Amino acid sequence: MAVPHVSGAAILLKSVHQSWSPAAIKSALMTTADIVDNSGNGIQDEQLDAAKAYKLGAGHINVSMAMDPGLVYELNEGQYAAHVCSTLGEAALHAISRNDSWRCSELPTVHLSNLNYPSITVALQPTGFTVEERHTFPRAEPETYTAKVVMPPEVRVAVDPSTLMFTYTGEEASYQIWVSSSSNSPVQGAVYQGTIEWSSSDHMVRSPMIAVVGLAISQPSTAWKLD
């Protein structure tokens, strides 16, 4: 039942923001979602336990908040194509896009960890791991945002810069997230969940963040073919 609800919410957003891309609409729905229920308590899973990261997702969609998210994570066709090339190769790109004119040699390398997506998953290791993200400003009035990190003590996170200033519609700003384990020997397979929030005087954009010990770093694949 989540599919028709989210689809309807996406149609509502598109009717108000006709120039928004599918990525912008998805970003708005995810980064403004509620992470508590109607009673203000944490969201539960089907066993009535506290929902873990992979069951919670971004939370419960809040359409009224998504109508004016403040910032969005934007992705264009070229960035998706570069990601497919980096992970699956050119044959997969042609099969998925149905466009034989794309050439992976003409596209940059974009692995999953650096795909400009509203949620963030990183490998947790003592030496640290860096992710770069970009925000796009869809509003007309200038606005300044400040970062806040909510993560368990086992995870160190630094955001640079920690303040982003936007002055015109469509302006983009990048930031880097450096993540490392606070232990020299983190527990293999452990999953830590939290959020990175960007807040202004009028808006708050929240990205779910998961740090996984032992998560494999994606590498360019060997040739991929259809059978």
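## The largest pocket

The elements α3 (53-56), β1, β7 and β8 each contribute at least two residues to the lining of the largest pocket. The model is predicted. This pocket has a volume of about 350 Å³. Its lining is made up of 19 residues, and those closest to the centre of the pocket are Leu56, Gly57, Gly194, Thr195 and Pro208. By residue type, the lining splits into 11 nonpolar, six polar and two charged residues.

Rolling a probe the size of a water molecule over the atoms shows where empty space is left.

## The annotated domain

An unreviewed UniProt entry carries the annotation "domain: Subtilisin-like protease fibronectin type-III" for residues 114-210. In the model, the span 114-210 is 59% strand and 0% helix.

## The nonpolar cores

The largest nonpolar core holds 26 residues, and within this core Val122, Tyr175, Trp198 and Met209 touch the most other members. At least two residues of this core come from each of β1 (120-124), β2 (129-136), β4 (155-160), β5 (163-166), β6 (172-181), β7 (191-199) and β8 (204-213).

## Contacts of Val122

Which residues is Val122 in contact with, leaving aside its neighbours within four places in sequence? They are Phe129, Val131, Val179, Met209, Ile210, Ala211, Val212 and Leu215. One of these contacts, Met209, is also named with Val122 among the residues that touch the most other members of the largest core.

Definitions and conventions. Residues numbered from 1 in each chain as written. Predicted model: local features only at pLDDT ≥ 70, side-chain atom pairs only at ≥ 80, totals over all residues. Heavy atoms only, no water. UniProt positions renumbered as here; feature names shortened; annotations may be inferred. Helix = DSSP H or I, 4+ residues; strand = E, 2+ residues; numbered from the N terminus. Core = buried A, V, L, I, M, F, W, Y, C linked by side-chain atoms within 4.5 Å. Buried < 20%, exposed > 50% of the residue type's maximum accessible area, 1.4 Å probe, protein only. Contact = heavy atoms within 4.5 Å. 1 Å grid on protein atoms, 1.4 Å probe; cavity = no way out; pocket = protein on both sides within 12 Å on 5 of 7 lines; lining within 4 Å. Points joined across faces, edges and corners; volume = space filled by probe spheres on them. Nonpolar A, V, L, I, M, F, W, Y, C, P; charged D, E, K, R; others polar.
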